[in-house]
Amino acid sequence: MYPWIEAFHVITVVTWFAALFYLPRLFVYHAMTEDQPGNERFKIMERKLYRGIMVPSAIAVVALGLTMLFMAPSLLSQGWMIVKLVLVALLIGYHAYCHYLVRLFARDQNPYSHVWYRVFNELPVLVLIPVVILAIVKPF
Ligand code: HEM
């Protein structure tokens, strides 16, 4: 059973990251939009991506990960897993901040420029690279 849970953990990591990369990219183009039909279209795209892909994927990643920890609790005594969990907590914070931004855009209250969103868009990769290395190489 464990390898199946791990396989679906990795599959849902991929779908979560697809949304974590694409939603801030939508913010970049939304922040550059000046026409009302375009503005409304981006609001729908952002809401559907957040609710339809990003939230279910995040719940599945965490639920499957916690199930594996429940099945193999000794993983919690390994340093790489502790560091991984700290980085995942940062990623959940990023996810929550994306939700806050979706709600600001929905109320036409975006406070940031498209340049700010371009930088913001790069942040998930700073978690993706170390977490995958930690989970696969298990260096400590
Ligand atoms: C609360 C969230 C998470 C928990 C509790 C969790 C927990 C786990 C556990 C227990 C394993 C199995 C490790 C083993 O048996 O050696 C695992 C594997 C894995 N996790 Fe997570 N994880 C979480 C989030 C993430 C995230 C966000 C990523 C990607 C950025 C990720 C990437 C991976 C990968 C790539 C593997 C497979 C490692 C291998 O091939 O052995 N996990 N995770």
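Student: Okay, what geometry does the site of the iron atom of the ligand have?
Tutor: In this predicted model, the site of the iron atom of the ligand is octahedral, with 6 donor atoms and angles of 82 to 178 degrees among them.

Student: And which protein atoms are donors of the iron atom?
Tutor: The protein donors are NE2 of His-9 and NZ of Lys-84, and they lie 1.7 to 2.0 Å from the iron atom of the ligand. His-9 belongs to helix α1 (residues 2-32) and Lys-84 to helix α3 (residues 79-106), so the pair ties together parts that are 75 residues apart in sequence.

Student: Is His-9 buried or exposed?
Tutor: His-9 counts as buried, because its relative accessibility is 11%, under the 20% cut-off.

Student: What about Lys-84, buried or exposed?
Tutor: Lys-84 also counts as buried, with a relative accessibility of 13%.

Student: Switching topic, which residues come nearest to the ligand?
Tutor: There are 23 residues around the ligand, and Tyr-2, Glu-6, His-9, Lys-84 and Lys-138 come nearest. A polar side-chain atom of Tyr-2 is 2.6 Å from an oxygen atom of the ligand, while for Glu-6 an N or O atom of the side chain lies 3.0 Å from a ligand oxygen. For Lys-138, the distance from a polar side-chain atom to an oxygen atom of the ligand is 3.1 Å.

Student: Which elements give two or more residues to that shell?
Tutor: Those elements are α1, α2 (36-71), α3 and α5 (125-137), and α1 gives the most, with 7 residues.

Student: Last one: what kind of space does the ligand take?
Tutor: The ligand takes up the largest pocket.

How values were computed:
Residues numbered from 1 in each chain as written. Predicted model: local features only at pLDDT ≥ 70, side-chain atom pairs only at ≥ 80, totals over all residues. Heavy atoms only, no water. Donors = N, O, S within 2.8 Å, 3.2 Å for Na, K, Ca; no water. Tetrahedral: all angles 85-135°; square planar, octahedral: opposite > 155°, others 65-115°. Helix = DSSP H or I, 4+ residues; strand = E, 2+ residues; numbered from the N terminus. Buried < 20%, exposed > 50% of the residue type's maximum accessible area, 1.4 Å probe, protein only. Near = heavy atom within 4 Å. Polar contact = N/O pair within 3.5 Å; in protein donor to acceptor, adjacent residues only side chain to side chain. 1 Å grid on protein atoms, 1.4 Å probe; cavity = no way out; pocket = protein on both sides within 12 Å on 5 of 7 lines; lining within 4 Å. Sits in = over half its atoms within 2 Å of the grid points.
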